[in-house]
Protein chains: 2
Amino acid sequence: MPRPRTFDEQTVLEAAVRQFRASGYAGTSLDDISAATGLGRGSLYASFGDKHTVFIKTLHEYVRQALIQTHEELDGPDDTAIDRLHAWILSGAGFVLRDDERFGCMAGKFALEVGDHDAQAHDVILGVFSEQQRILTDCVAAAQRHGDLDPGANGCAIGCMILSLNRGMDVLAKGGIGQDALDAAAEQAFQGLPLTDAYRSRG
Amino acid sequence: MPRPRTFDEQTVLEAAVRQFRASGYAGTSLDDISAATGLGRGSLYASFGDKHTVFIKTLHEYVRQALIQTHEELDGPDDTAIDRLHAWILSGAGFVLRDDERFGCMAGKFALEVGDHDAQAHDVILGVFSEQQRILTDCVAAAQRHGDLDPGANGCAIGCMILSLNRGMDVLAKGGIGQDALDAAAEQAFQGLPLTDAYRSRG
DNA sequence: CCGGTTCTGTACTGCCCCGTCAATAACTCG
DNA sequence: CGAGTTATTGACGGGGCAGTACAGAACCGG
């Protein structure tokens, strides 16, 4: 009975994510989204609502994928938890540069652009930051259980510190600070964790 | 002979800085700037050029003031260098919240918004980040001279790490992460510096 | 008091943008 | 094969935007 859609909702959202990440919220017009997704303006409105609704949906889509990725990178057995943390900290340095299209973290970008005056976006962004911090804290706890990190350390503070560092590296990388400096800073931060003698003598 | 200006260039630039920080580049119209500064559009064009020129000038103005402030906070005698570093790291946590108008670092904001496709802005931003990193590195060196930090440590990496952490805290604070968590993360980062036994036993 | 020079405000133009609407196309069930 | 339902397209209107142009106001030396 009904005419079927000719587009895949997921694909459209991913294109919209790229567009918003490239141009920001205020800098992206509906025509841009229309061009990026291949959908006409009418179809966009019919299927996704107005510009702000599209934006929130793309933000949700990004968060969904980002959290999947963060889980993949940090969840795992206790005995390699410290290695996962190490890799994650270092990866932050090259995140912007490795990324195919040189985007940084979308949540970070929009925390600064619309975090103040867009309550819906703020909620989504706070959600992803909180969850990433939680995943990091879990990974720290795993490393503590395995005896690689001081069991008396404040895992929550360490998680927040690592997350903060990663977001900051996005900013500096976008600002033009070189990868060498960021790599050295990341390694410095890792060495500053309360690593146990057991880990240091082994590593 | 000529009719004198009724505005102070500095004051106008400061108002423009506030406006751009509040709304971003794409989100700020010339009417917004006109309203914020009290100048008509004609005066703006005659005195400051077009929108992008105004923006670059405001960015320069911000950078000028930010670097003055960073010098004030970090320059000083060797024996209190470690305390200045400590205070600076902790202050990053409350930067956004302490700030009267809850802005974060302007350079960080625009590194993410226009860093990719605005070469002039990129240069200014890279300049302030590089200089802040240098000031931090100098302060680290001072603390090393005084025996509070391991003299073998890589001061440049530490400076970059601290700067990265500060920019990241702006992002997380804007994203809604609470000040308590950020304070704890900042203290964690400071304790992770290669502090000497001499400092720890004293402090 | 007056003229020249500079500043200031407003009105204007052309463009883009958001959101909507009506007409058209595609599909499936009967 | 036709009718009803839904997707899609392209065009339209109201509004805001950047940048310009022009007329008037303010000032100061003579």
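Let's start with confidence in chain A. Helix α5 (residues 81-98) of chain A has the lowest confidence, at a mean of 83, and α7(A) has the highest, at 97. The score here is pLDDT, the predictor's confidence in each residue, from 0 to 100. Chain A averages a pLDDT of 91, and 93% of its residues score at least 70.

Now the ground rules. This is a predicted model: local features need pLDDT of at least 70, side-chain atom pairs count only at pLDDT 80 or more, and totals for chains, interfaces and linings use all residues. Residues are numbered from 1 along each chain as its sequence is written, while chains are lettered from A and ligands numbered from 1 in the order in which they are written.

Next, the overall build. How many helices and strands does chain A have? Ten helices and zero strands. Helices (H or I, at least four residues) and strands (E, at least two) are DSSP runs, numbered from the N terminus. So the order from the N terminus is α-α-α-α-α-α-α-α-α-α. Along the principal axes, the C-alpha atoms of chain A fill a box of roughly 65 × 40 × 30 Å.

How much of chain A is buried? Of its 203 residues, 43%. Buried means 20 or more other C-beta atoms within 10 Å of the residue's own; exposed means 12 or fewer; partly exposed is in between; the C-beta atoms are placed from the backbone.

A word on contacts. Two residues are in contact if their C-beta atoms, placed from the backbone, lie within 7 Å. Take the contacts in chain A with a separation of 6 or more: 67% come from residues 24 or more positions apart.

On to the pair of chains. Two copies of a chain are related by a rotation about an axis and a shift along it. The same surface serves both: 100% of the contact residues of chain A recur in chain B.

Who takes part in the contact? Chain A gives 44 residues and chain B gives 44 residues. On the side of chain A that touches chain B, α6 (106-114), α7 (119-145), α8 (155-175) and α9 (179-191) each supply at least two residues. Which helix gives the most? That is α8(A), with 16 residues. By class, this side has 24 nonpolar, 14 polar and six charged residues. Ala, Val, Leu, Ile, Met, Phe, Trp, Tyr, Cys and Pro count as nonpolar, Asp, Glu, Lys and Arg as charged, and the others, Gly among them, as polar.

Let's zoom in on one helix pair. The axes of α6(A) and α8(B) are 8 Å apart, and the helices pack at an angle of about 70 degrees. That makes α6(A) and α8(B) roughly perpendicular to each other. The cut-offs: under 35 degrees is roughly parallel, over 145 roughly antiparallel, 65 to 115 roughly perpendicular, and the rest oblique. From α6(A), the residues are A:A107, A:G108, A:A111 and A:L112; they meet B:V171, B:K174 and B:G175 in α8(B). This contact divides into four nonpolar, two polar and one charged.

Now some single residues. First, B:R167, in helix α8 (residues 155-175) of chain B. Why does B:R167 count as buried? Because it has 32 C-beta neighbours inside 10 Å. Beyond four places in sequence, B:R167 is in contact with A:G168, A:V171, A:L172, B:C105 and B:G108. B:A107 is 60 residues away along the chain, yet its C-alpha is 9.3 Å from that of B:R167.

B:I158 lies in helix α8 of chain B as well. B:I158 is buried, with 29 other C-beta atoms within 10 Å. Its contacts beyond four places in sequence are A:Q188, B:V140, B:A153 and B:L193.

Over to A:F129, in helix α7 of chain A. A:F129 is buried, with 26 other C-beta atoms within 10 Å.

Last one: A:G155, in helix α8 of chain A. Buried or partly exposed? A:G155 is partly exposed, with 19 other C-beta atoms within 10 Å. Setting aside residues up to four places away, A:G155 touches A:T137, A:V140, A:A141 and A:Q144.

How values were computed: Axes are lines fitted to C-alpha atoms, for helices over the stretch in contact, and angles run from 0 to 180 degrees between N-to-C directions.
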